[in-house]
Structure formats: C-alpha cells, structure tokens
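Here are my notes on the two-chain model you passed along. Have the structure open while you read; the points go from whole chains down to single elements.

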Amino acid sequence: MGRYLAARLLQSLIVVVLVTTISFFLIRFAPGDPFSFVGDFPMSGAVRAQLRAQYGYDRPVPEQFLLFLGNVARGRLGYSHSMHRDVGTIIAGAVPRTLLLMSAALAASFAIGIALGALQAVRRGSWLDRATSGVLLLFYSIPDFWLALMSLLAFAYWLPVFPAGGMVDQVMHDYMSFGGRVRDIIAHLILPSLTLALLSAAGIARFQRAALLEVLPQDYVRTARAKGLGERSVVLKHALRNALLPVITLLGLSLPALVGGAFFVEKVFSWPGMGFIAANAIASRDYDLVTGTVIVGGIMVAVGSLLADLLYAAADPRLRAR
Amino acid sequence: MVVAVASDASSIFPPHVTDQIGAAIRDNVYDRLADMGDEMITVGDKGFTPHLAERWEWSPDSLSVAFHLNPRARWHDGQPVRASDVRYSFRVFVDPKVGASVSSEMANIDSVSVRDSLTPVVWYKHRRPEAFYDFVYQIYIMPEHVFQGIPGDQLRTSELARKGIGSGRFRLNRWDAGQRIELVADTANYRGRPKLDRVVWTIVPDASAAFAQLMGGQADFLEFVPPDQVHLLDSSKAVRAAPYPSLQYAFMGFNQVDAKNPSRPHPIFNDVRVRRALSMALDRRAMLQNVFAGVGRMSYGPFPRTLSFADTTLAIPPYDVNAAKALLDSAGWREPTPGAVRVKNGVPLRFSLLVPISSRPRVAYSVIIQEQLRRVGAQVDLDQVQANVSYEREFKHNFDAVLHAQFTDPSPSGYKQQWGSGGVPPNGQNWLSYRNPAFDALLDSALIAGDESRVRGVMRRAFQLQIADAPAVWLYDVPTIAGVQRRIRTAPMRPDGWSIHLAEFTIPPNERIARDNVGLANANR
C-alpha cells in the first residue's frame, strides 16, 4: 500500500507540474498582459512599458518561467494585479467559499441522484421511470450557465424568494446575530448549490439505476425476499447497499470539483470562490493569479483522485486484499 | 445604498485610477482644490466652486495661482490638510515612477510651492486658458504624512494606497477585493456630513444577475441598465430609470495604417472616398432604433453631446446607398458581377471589424453593419474578441476597422490625445492613427482660445474637418441609464461621474428600509 501511495503521489506531482507549465505559457501567449486594459481610461504606452519592466514581463518568457519556478519553490505564488493582493492570500480566502458551495452541491446532487436512481430501478419500465428519465436527461443536457441564469430569473426576480447572488447580504450581514448570519449564508447558498446539484444529479441517478438493476436479480436479494423481509428492507438494506459501489467511484471523481469550483455558476451568482476568481483572472490576464489557481486546483485534483482511490478501496474488500 | 457594478476598482489611489468604479470611489474619498461645476466649463476659473481651497487668487502675470485652503479641512485620520500635501500630490502625479494615468496633462505645470501651511502656490510654464483646469481637475490632493517614504514605483502595490485616506465627504470603510467596497459618511467633514450613512459597491459580474438584484431589491442602484431592459423599469413600482449624461461616444473607426505593417498606409482605408462611401452606406438611424429602441441618441460627430463645445448642427455624410456605390465605383472598387464583393487591382473590398464581445450594443451593431455593407459590395468579417484583446490589438494597430466606444475629456486637450497626430499609440489613444496637420493646428488654436465661445467656434471647424476626412462612422452617444430604487432621491448626475454629488443623494425617513437604518455602529473609526 505504501509503494502504491508513493507511486500515486509521484504521478500527481508530474501532473501538477505539467498543468502549471502549460497554463504559464498559454496565458502569456494570449493577447494582452496585466496592464493592457485595466479600465475605461487606458494607460499610455510609456506607463505600460514601465510597469511591464517593473514586474519583469518584458523579459523572455523562459526566463520568466525560471523565476516563477524559483518563487513557487519558496512558496510564493506571486502578486495579483487585478485584486492587489498576494495570490496565496486570495486563494486561501476563496477555497473555503468554494468548498462550502461545492460540498452543499455535491451532497444535494448525490442525495437526489441516489434517491431518484433507486426509485427508477424499483419501478423499472413504469411511467414514473420514463418521466424521471426524461426530466433528468433534460437537466443533464442544459448548459450550466443557462440553468444558473434561469434559476436566478425564476427565484430571484419573477418569484423573489432567494437572494440574486453574493454570499451574504452586503449591508445587513455584519449586524445579524450568529444564527441570522448562518441563515443568511444558507439563503444565498440554496440557488447556486441546487443549480449545480440538478446538473449532476442526472448522471448519478443513471449510474444508480443501472447498478441497482444489476443487483436486484442476484441470489442474495432473492434469499432476502425468501426470508420474508419487506420489499423496502430488501431494497434499502440489501440491494442498494451493494449497488452503491459505482456511485462511490463517481463521488471520488467529483471530489476535485470541490475546490476547482464551478466557473460559470460562481460567476452568475457572484459567489466569490475559486471559479469566480479564476474567471476574472483569465479575463484580466492576471498571470500570477491564473497560474496560482491552476497550481492549487491541480493539487486538489490530484488529492481528490487519490482520495477516490482510497475510498474505493475502503468500500470494496476485494481491492484491499490485492 | 447598495450599488451593483460589473467589476472591482483596479485602484482608488488617484494617480492610478483607470476605471469608472475607481473614479467613483476616488471622487467621494478624495478632494480636489476646486470643482469644475456642472456646466463643465474648462476655460478660466469662472465655473469652479471651492472644495479644499476656500478661495484663490491669480498673480498679475497669470503664471501662478495661490490657493487658500479651508482651515477646517481634515484627513480621515484626523490630521489637518496642509499646503505641503498639495505640493506632495503634484509631485506624485508627475513622478514617472508612479505612472499616473494623467501625467501627460501636467506638462504646463512647472511646480508647486508652499507660501504658508495653508497656502500652496501653483506655478505654470505658460499662460493657458485651461491652466486652472489642468491642475485643479486632474490633481486630487493626497496626504503626504501617509504616503511619504513610499517610493513612487511601490505605490501601486502599497497597502496604504488601498486605505483611501482622503478628505472627501465619505471615508473608505472596507474593501473586500473582488466582492465589495464600502464607504461611510465622514460625519465631521468640513464640507458637511453626507446625507447617506453608507454606500456599498457590490461586484456582480453577470449583467442579468445585477439586473435581478436591482429588481429584487438587493441593490439600490445599477449604473448601467442594458438598453433592451430599460422598458422593464417603466412598469416597476419599486425601481425607476434615471438617465444621466455621458462623456462616451461610439464609432466604427477605420485604421489608417496597414494592420500587418503600420509604417504603410492601409490598403483599403487610405482612400477618403472609400471611407466616405462606407459611411454613406450605413443607415445610422435604423441601426440606432434597432439596437437601442427609444433610448438611443445619434452621434453628431466625434464627440458626445454633453461636451460644452459639442455642436449638433454639423453636416454628416447622409445615408445614400446609391451615392455610396457610385463613390466606390469612382474610387476604382468595382463589382465583377452584380452583388459580388467589389475588387480593385485584384484586391477584394474585404476587411475585418474588431468588436469587443462584452458590449452587447456593439455586437448588435456589428451584425447590422456587416449586412448593410454587403449591399454595397463590401465584405466584413466580424472579429469578436474580449475587451482587453480588442484594446491590445488597437494599441498595436493590428486591426482593419473597429467598433470603439471612446471616453473623452471635457477639455479640447483630450482630443489631442485621442485624435491628434501626437496621440498615435504608444503615445496616446489615437487608435486609428488619424493624421491631419490642419486638424492638429485647430486643436492647438482651441487650447489657446481665451473664452468658451471661441473654443466652441474653433472646435466646430476642427470637427467639420474631421467629419470630412471620415476616419470613422459616428454612430451613437453611449446611453447611460441607471436603475434606481424609487426611495432613493438622486442629486444631479454629471457626465464625468454620476457619483460626484453622491453626498447629496438622500432617502426620506418614512421610506427607509432596514438596511438604510443600520447607522454607523460597525464602521471602522
């Protein structure tokens, strides 16, 4: 197990270095730089040239890359010109916000997906199965930004029951009691997390349905029924438990998204997480912030994949034995 | 009051402000010596009203002006405002290491001296009708005791530059980068306490989300309501439309130099007949109606109509497709077969049109322009890109034609930067590389014209010359329509910044909601 872990860690490190290198060069080869456009009144050429020289962006790109590697090795991710902060500080602030959003979305999507998948499998071929499949396929096909906009319009504009974005009430939050603050955050969390949950619940439900359909004809399920157990108990305690393995794999694969964030959904709902800052960083050619988010995102993807493997091993005794 | 905006301020430190959000914060946190006044007259000092300076007096030779500071003026940290702060501010603005966005406009200012602790004296190199404006409008006064010791090239990244310690009627209370900026009333301000306790700028990058926030009551003020959504405000009981004047005008510009080799003239647009023909082939009125419905305003030339020297009586090439075709024929661009793309010496009349995709009106205009120019035998390839890519390409002359929205300065001096020969990038914002010595001379004349009516006369001639040269098709004055909750009573909103009179915005006590009444209890002191 130790050698396996070491090999996986090495693999992950290589992936992170490769992704970082590619993003470093890609963003520099894109048109513009952090000073090419910073607002409505463009800088003069002289000021821009001076700033490029001051921050070393006038040097050859390979030289910039070596400097960057040296800084990363010392734990410095650089300075964000669009947010005027140390990149590490910005990411440290954004990761918990994204974790909150994505864990709520992940929990909701798996709860919805498993429940609907199980229901479909039990009622296989019925109108409920067909109707649920149709609705889930619809959600699966919708682009995330469109569903985000529609849910925003529906529940924050036409029927204003939820706030239309942000993470907290910008004025009142500081004046609320502790309970009030928690409720405020939950109110702001519901729309973006449900949007994300609906988008991914469809895939989970299909996985769950297929897995349960494979398990239901098994001998041990028949034995459970023959022992006189109720159908509810047979499905929930015997069949569903064994049909969860593929869904756990799916959960593992979803873990990296916990910190990667949801680019468009965070932007539409002004949720200040990793996706939100990465989107703004790319648009403003904020070199250090782009590479910083890629490094942290890459590490988290690697850790997520590793966790998924470990989770899978924990769930399947046959894998542990190997 | 909660203001929804699309992006964060890049800086609020006056020399580094380059966007409207930063400008709004700067205008309320920092003070000028005097304010230009709502008439925006840049000649002389007649329209200016006292701010940090209670009064001022010119020297007999008009080469210096002594300002008498208001002795009650205090920085937000409690220190008094001194003449040395004025001298320091000037030095910062002109320090090349600081990289101020307006440093080139300080060329006529020689120095600032300190007569006594409350009397700074500004010295000019030459007498100029806009000498007063040059200093007073461009330079915001900053506290020397806060920033002294920080090298000029480090001010951009200095934490102190983000603290916003000024003398304005609002204090910066909080700035969460990328999320919000919060101003609170400076209750003991020498110009009086603002009528609002607190103003929060909240960053909402998605336009639809920002609009939903306004309509749902989460935001009180939306700076720019998309033209196609203005009608929704008319039927709202809670929100109203508040149009305000703008200093921005939009045009389709023709690059005068070859995109591949800027030292050579553009192969198509070098000929004024082609530029005029393309201008005449475009039905500007129909486009305006199509894109903006009832809220658009047609452009009368290379200026927004809010400028004091704007002239709406100038003759612009009329919409006349047949005349446009004839002009193209006479310029040698002929249709090989009816309806085909015109050709001259084997070169097709085909060019790309650079369009920033973030601007919905300009994207809509580009599609109509493509279709209208197809009818006269010109093929337009739409080149829709991110806004910063568009600026980058304009900066490097790497485009054929562009749909551009230009912010201008209230003074003719801004035109030197934007249309004068000396303003061709990298020196200025003459993106089209438009050059006409007669136009340059007229601009110079406008800058030395002694009174507003003479400025207007000279600028009229300059504009007419420019319209005849047709470096661009003048499309529209960028409509700025804010959405405001009805309980907010706005003060006059100026073209150079809707928030200049923010301290006079008010909410009647009987219409206040919970967030209007939270007071200043949690404001940092």
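1. First, the ground rules. This is a predicted model, so local features are kept only at pLDDT of at least 70 and side-chain atom pairs only at pLDDT 80 or more, while totals for chains, interfaces and linings use all residues. Residues are numbered from 1 along each chain as its sequence is written, and chains are lettered from A and ligands numbered from 1 in the order in which they are written.

2. Chain A has 15 helices and 2 strands (DSSP runs numbered from the N terminus: H or I of at least four residues for helices, E of at least two for strands). Its C-alpha atoms fill a box of roughly 85 × 55 × 40 Å along the principal axes. Of its 322 residues, 42% are buried (20 or more other C-beta atoms within 10 Å of the residue's own; 12 or fewer is exposed, in between is partly exposed, and C-beta atoms are placed from the backbone). Among contacts in chain A with a separation of 6 or more, 75% link residues 24 or more positions apart (a contact means C-beta atoms, placed from the backbone, within 7 Å).

3. Chain B has 14 helices and 21 strands, and its C-alpha trace spans about 75 × 60 × 40 Å along the principal axes. Its radius of gyration is 24 Å, which agrees with the value near 24 Å for a compact globule of 525 residues (taken over C-alpha atoms; the rule is 2.2 Å times the number of residues to the power 0.38). Buried residues make up 52% of chain B.

4. How do the chains meet? In this model, 46 residues of chain A are in contact with 47 residues of chain B. On the chain A side, α2 (45-54), α6 (144-158), α12 (263-268) and α13 (274-283) each supply at least two residues, with α2(A) giving the most, 6 residues. That side divides into 27 nonpolar, 14 polar and 5 charged residues (Ala, Val, Leu, Ile, Met, Phe, Trp, Tyr, Cys and Pro are nonpolar; Asp, Glu, Lys and Arg are charged; the others, Gly among them, are polar).

5. Still in chain A, α4 (residues 87-122) packs on α13(A) at about 135 degrees, with the axes 8 Å apart (axes are lines fitted to C-alpha atoms, for helices over the stretch in contact, and angles run from 0 to 180 degrees between N-to-C directions). That makes the pair oblique (under 35 degrees is roughly parallel, over 145 roughly antiparallel, 65 to 115 roughly perpendicular, the rest oblique). I90(A), A94(A), V95(A) and T98(A) of α4(A) meet M274(A), G275(A) and I277(A) of α13(A); by class, that is 5 nonpolar, 2 polar and no charged residues.

6. Over in chain B, look at the open, mixed sheet of 6 strands, ordered β14-β20-β13-β19-β17-β18 (strands pair if DSSP finds at least two bridges between them). Its edge strands are β14 (297-298) and β18 (379-385). Strands β13 (residues 248-254) and β19 (residues 401-407) run antiparallel, joined by 7 bridges, and Y249(B) stands opposite Q406(B) in β19(B). Helix α10 (residues 360-374) of chain B lies across β13, β17, β18, β19 and β20, at about 165 degrees to β18(B).

7. A210(B) is buried because 27 other C-beta atoms lie within 10 Å. Leaving aside neighbours within four places in sequence, A210(B) contacts A4(B), A6(B), V204(B) and L222(B). V3(B) is 207 residues away along the chain, with its C-alpha atom 9.6 Å from that of A210(B).

Conventions: Contact = placed C-beta atoms within 7 Å.
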